[in-house]
Amino acid sequence: MEFLYYPGCTLKNKAKDLDLYARKSAEALGVTLTEVPEWQCCGGVYPLGRDEIATKLSSVRTLMAARDAGCDLVTVCAACHNVVKQINHDMACDEYVRTRVNNYLAPDVPYDGSVNVLHLLEVLRDRVGFDAIREKVVSPLTGRKLGAYYGCLLLRPSSVLAFDDPENPTVIEDLLKALGAEPVYYAERNECCGGYAGIADPEVPEKRAAAVLSNAKARGAEALVTACPLCYYNLKKHAAGTGVGVVYFTELLAGALGVK
Amino acid sequence: MQDRMIARAKELLENGTVDRVMGWKKGEFIYDVTPAVFYTADELEKDFVMNAFTAANVSKYLIAETKKPGRILAFLKPCDSYSFRQLMNEHRVDRDNVYIVGIPSWGKADMEKIRALGITGITDITEKDGDLLVTTVMRETHAVKKYDVYLEKCKNCKSKRIVVYDELLDGENGEDVPNNRFDEVAKIEAMPPDERFAFWRGELSRCIRCNACRNVCPACSCEKCVFDNPKSGVENKAPADDFEENLFHIIRAYHVAGRCTDCGECSRVCPQHIPLHLLNRKFIKDMNELYGDYQAGETEQVRHPVTNYRDDDAEPGIVYTRGGSGR
Amino acid sequence: MQRIGVFVCWCGSNIAGTVDVKKVAQTLGREPGVVFSADYQYMCSQSGQDLIKDSIKQYKLTGAVICSCSPRMHENTFRKAAAAAGLNPYMVEIANIREQVSWIHKDMAAGTEKAIILGRAAIAKVHLNAPLIAGESPVTKRALVIGGGIAGIQTALDIADAGFPVDIVEKSPTIGGKMAQLDKTFPTLDCAACILTPKMVEAAQHENVRILAYSEVAEVKGFVGNFTVKIRRKARYVKEDVCTGCGLCTEKCPQKKAPDEFNLGLSNRRAIYIPFAQAVPKVATIDPDYCMMLKTGKCGVCSKVCGVKAIDYTQKDEFIEENYGAIVAATGFEPIGLDKFDEFAYSLSPDVVTSLEYERLMNAAGPTGGTLLRPSDLKHPHTIVFVQCVGSRCDEKSEKGVPYCSKVCCMYTAKHAMLTREKYPDTEVYVFYIDVRTPGKNFDEFYRRAVEQYDVHYIKGMVGKVVPENGKLKVQASDLLENRQLHIDADMVVLAAAIEPDKSARPLATMLTASMDTNDFFTEAHPKLRPVESPTAGVFLAGMCQGPKDIPETVSQASACAAKVIGLLNKDRLVGNPCVAHSDELMCNGCSQCANVCPYGAITYADKEFRMPDRTTAVRRVAQVNPAVCQGCGACTVTCPSGAMDLFGFSNNQIMAEVDAICK
Amino acid sequence: MEQQNMREEILFTANADPKKCMKCGKCSGACPNYDKMEYHPHQFVSMVQEGNVEPLLESESLYLCLTCMVCVERCPRNVQPARFIEAVRLAKIRQQGENRLKPQDVPELIDEDTPQQLLVSAFRKYTK
Amino acid sequence: MQVRNEPWKPLIVAFCCNWCSYAGADLAGTNRLNYPADVKIIRVPCSCRVNPLFILRAFQRGADGVIVCGCHPGDCHYTSGNYYARRRMTLLFSMLDYLGIEKGRTRVEWVSAAEGQKFAETMNSFVETIVSLGENKRLEDLRCKTE
């Protein structure tokens, strides 16, 4: 199983763990991740405005690299996933955006959104399969009660991302089960952590993180499992004193597979 | 084979199995052969013929013949048997009133093609080792490859199997034959539309409305043809204009769609050499591709693709979107 | 040559506004065969019809063309008028110059030109029309009602009271439907069971009603007055005619883990069960998914305890076939599934319930014995939040909900809120609404009472998220009037789930050839004028299967539907549609192609003797059409290679003449 | 008139139809940052529809939307309120001198663990 | 040959089944949904009543496009009529294409009684297609033109 891999800037810097353990786990599962050559930053947030063209170009370059390589494109960072997948959707479905981006980039072959953009969790669920993962677990997370934290970027808008049920997602929980842990289902797991407002008003993420942590703790979660560096940062910052830990899903996976 | 057929026909006349025989009758020239009914052993001895030119499909004559009193003997070639079977499915022939002797057919010759080889004044043709020995008035003998002078319908023969019979002259039945009969259709399909139009205009504008195609076709056996019926709204007995097929040939092909066994008689008899079989084969090809393989007359199946449906059939728009170059 | 009259209707300004009706009348008046033409303001009015009748008589017309609204609107009106004047009604043709011309074209010149062309086409057709006389067919004086809810029961009782036998086919083990599950009914608050169960008993005891419970329609053949229906009687594994309904088996059965459908899974029942105390027929049924005897061959307790030996583990589904003159669809509804609305935490917390589940929790015969206790810990809830419009009024492209208003939720939620406050005054009740819709007698008064007398908090806004935490349901919602976000710690959340047609309706519609809308509600023959008939003759509609409606509306529709059925069954013979196929024997090949495509089996073959040109005779097989069975679709006419098969009223020549007139 | 032009521009950028809104308020019921905002998701939809955009352009609410898309996800009518907030914000920051975030302010807004994601997205959201 | 003075306007014949599509056309009218006056509707009981002869006849007499409308598959008032129509039209259209007649001159659309909007949209798009194809010259029998 071979994929083109788009790590994104955070994974090369503040979220090195997310990247490192993703690669190690992938290797252990027989998934080859080849990094996109000379990738550019996706911009961190999807430009919602229809006439935002320039801000979509870097993602399209990445997508074209995947198209030329004839590979599906895999992301691990929730933000990169959200941005690249939505822009890919624009290129496939929005004539206005497609025309302008192609005019601007003037590639040899215009891009039409043909690449499959996958999150590593989707690869684990749909390509590798949780049963196959279960068989490869060497140190199961038996007895650990863990709460998946999806946040917003993995799930919404579901009409474009089609990642999981946006109101009742199960992919991380199912992964946790495969790793031997007991997933904790709690309602705040698909609510925003407020991270993006960190610059405008630090009070917002503080309040949101508290709500998430308290809901998860009340339901018995020892730690929260996330795929987003910003959620990780924000929850970790405010988890002090709650006794609830925060961990990247890749780190858990690598640990269970014995490649950490 | 002619002698064995005459011998068997005489036996069957004599023992009362049948009271007449459907066969082919000699004409002035060796290639001038017409279907005929024989009543006596003498007539058989005198006129019955079976040679490289007895291509005519006699099944259509049996519609009228089986309505008459008594029982008739019919010699059916494989392609004739498909037509006969189809007519049975349509309740047009009375199977009880006919005794069928299946005869093999190794292909019939096209006189025009022999002439095109520069051979004229033909007096006799015999078969030898798969070749034809053509004797002319000049007492010359030419050896001709059969395949080179085959009728179109024999060149693209689909089956040597006789699908309905009481006995087989050889005691053995033939088999379906691998063939490329849809290649020519595919070739036309692959043309750009303008070229297709020009092709068909060129072919069909030669039509003189002699009605030979209609009269020979076993599927065109309506009690009254719509083209002869003033009440049908499409009555028309003369070529309408340059592009005659505006109505006649499309409607004719459509009327026999699903029932046409691809016996190829229409093209054989056309004095203007219009490849009419390519219209019928287009329908057959489409039906095979869209609704599954179907061979009219092959089985007792009475519902053919045009009188049948599936709820997940393709939408008509598929005609404009399915693949193929030139489409 | 026909003598044709042309009558051009203004339809007030509806047609005359964009079509020069005078010019149409004058131009068409010059067409060959037209001996009279006129225009008039309202041709369908009495005086308009008089104009037609008088002209037919005065000008000895043999045909008439009415240029007016759609034939679907007034073809019958004009045919009747013609008949009254002695002209065969099928000598009338309509040119639709309203729906197809004046209402869609703004340009007077183009509209007028098109109206003239459509008029010409109609004239060309009339030239080839021939007087037609409708055939007749007998009527089976028995009705089938599909669905045994309140709609089906009421329809059946009304038909039965008129003296006609009726069968009710109900897919579950008892009749009663959704109404049997309800607690009280708005706006009178009388108990649902108290008004429904007497009707169920009446149906069971009525000499003209036969109840086929635990049964499904498997196949429908035939046509109005003459349907043949195959009904699957599902195996109950209990002999229905032997079981006394004593209930001993349902107490002794060791399998206690089957979810109780009647309580919507809020409680469990045994593998052998009677759905509820007042079930009709009151007969036990074995659930094959849970019965150990049926699954493993070990147990047999029910059989041992049954005093009348009613248990039969070897029972199989059976099929019965019955003839009916009329069929009523009363298949009802279901609440939509809420798995796509988990922002309300329906799957996370048992204390988030649907309104129908709330009915059961309030019901004295329900899982909590009528005491309001929340399912998670069986404690009394003190704060209850009701959410309206869950899945209703969604975007048309939504995959989660339905685009229509479910109509009954506003009222039942007001009822729930009011009853809760009445029984438990210490409970705070919030209702989040988009609009409160209360059109109906005493409905708004009822809602106002909930607000004014019972202090229910009605909040214009929507719940955006429900978070179960520490035994509470943290409800986050908007209050649009106060422009604030509310956070309520609730004990229960009740979701007014949208309703949708029962899943069995779609396959049934296919069997009945009755049409459905995009939401799978049955379509009525006319939304205003024929609301209880389906477009398929002899098929009628009652209750929610036609669209959302409350109990009084359902019952009224059921009775209206019964009146229509009685009207049909009262006739001894039905006058058929004379526009049927017919075969010209002289041209027929007898090839059977037409019979192959006939959906009604209306075509048979006979051997006929014909005189041949040579004075001999020959026997030939020819097609014959049964005009009582033929529905006039015309499939055979196109299949016929010789053109022997043709259709009265839409003959090859007539349609071709229309084509020619349009393409002139 | 200028408001009208601004409205058209915003509608174009938003690429969504405010007329689909049935004013149920679910967007604002779901919004995780409602209390901080002066104008709320449903108001953005309705005020853009009515052309009353001036107050929105001057409001702090523009910078407080978390772009979490929950209003888009839960809207029963597929109105996509977040697109209107984004469109108004773009209309604002595309104006001369309206950049919200200056590079020199950054060091005091972050700590050593702040992920790059937050910075790049902040620049994308608050500046042109 | 007649010299035409007026600019060419497409002539379109629409066969509509009585139960769904004709009712859909009525609904388009009731809702005042415009479509070009070039479309002339012929009412037939069912799409299966449409004989290929009618279509060829229309073309021969100068129609530029012919559209057949019926109930959606599965919703035929006569259960199966539209299924037969679907096969017949597919084969006929394929044959016309084979003969080199321009693609798009013929169309089948399923329009229910509730789809007034779809009816109008279908007619608008069909007229557009025919206008882009231009006059039907290939199938028209010029001798049939009177006047």
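## Close-up views of a predicted model

**View 1. Strands β6 and β7 of chain C run side by side.** In this predicted model, strand β6 (residues 143–146) of chain C runs parallel to strand β7 (residues 166–169) of chain C, and four bridges join the two. To find your place along the pair, look for Ala143(C), which stands opposite Val166(C) in β7(C).

**View 2. Stepping back shows the open sheet of chain C.** Here you can follow five strands in the order β10-β7-β6-β18-β29 (chain C), paired in parallel. Which strands stand at the edges? They are β10 (209–212) and β29 (539–541) of chain C; each has a single partner strand, so one side of each is left without a neighbour in the sheet. From one strand to the next, the twist averages 20°. Strands of a sheet, whether parallel or antiparallel, pair through backbone hydrogen bonds.

**View 3. Chain A has an open sheet of four strands.** Its order is β2-β1-β3-β4 (chain A), and the pairing is parallel. The edges belong to β2 (32–35) and β4 (117–119) of chain A, each with a single partner strand, so one side of each has no neighbour in the sheet. In this sheet the twist averages 40° from one strand to the next.

**View 4. A pair of strands and a helix in chain A.** Strand β1 (residues 2–6) of chain A and strand β3 (residues 73–75) of chain A run parallel, joined by three bridges. A handy landmark is Tyr6(A), which stands opposite Thr75(A) in β3(A). Across β1, β3 and β4 of chain A lies helix α5 (residues 120–128) of chain A, running at about 90° to β4(A).

**View 5. Strand β5 of chain A pairs with β6 and with β7.** Three bridges link strand β5 (residues 145–148) of chain A with strand β6 (residues 182–184) of chain A, and these two run parallel. Here Gly147(A) stands opposite Val184(A) in β6(A). Strand β7 (residues 223–226) of chain A also pairs with β5(A) in the parallel sense, over three bridges. In that pairing, Leu146(A) stands opposite Ala223(A) in β7(A).

**View 6. Chains C and E meet.** Which chains share the most contacts? Of the six pairs of chains in contact, the answer is chains C and E. On one side are 43 residues of chain E, in contact with 42 residues of chain C. The elements of chain E that give two or more residues to its side are α1 (21–30), β2 (39–44), α2 (52–60) and α3 (81–98). With seven residues, α1(E) gives the largest share of that side. By class, the side of chain E that touches chain C has 23 nonpolar, 11 polar and nine charged residues.

**View 7. Chains D and C meet.** In this view, 16 residues of chain D are in contact with 19 residues of chain C. Look for helix α2 (residues 26–30) of chain D, whose four residues make up the largest share of the side of chain D that touches chain C. That side of chain D divides into six nonpolar, five polar and five charged residues.

**View 8. Chain B and its domains.** Chain B is divided into domain 1 (2–107 + 161–168), domain 2 (109–149) and domain 3 (183–321). The centres of domain 2 of chain B and domain 3 of chain B, taken over C-alpha atoms, are 33 Å apart.

View 9. Chain A and chain B do not touch, and their nearest C-alpha atoms are 20 Å apart. No contact joins chain A and chain E either; the closest C-alpha atoms of chain A and chain E lie 20 Å apart.

Technical notes:
Residues numbered from 1 in each chain as written. Chains lettered and ligands numbered in written order. Predicted model: local features only at pLDDT ≥ 70, side-chain atom pairs only at ≥ 80, totals over all residues. Contact = placed C-beta atoms within 7 Å. Nonpolar A, V, L, I, M, F, W, Y, C, P; charged D, E, K, R; others polar. Pairing = 2+ DSSP bridges. Axes fitted to C-alpha atoms, helices over the stretch in contact; angles between N-to-C directions. Domains from an automatic or database assignment.
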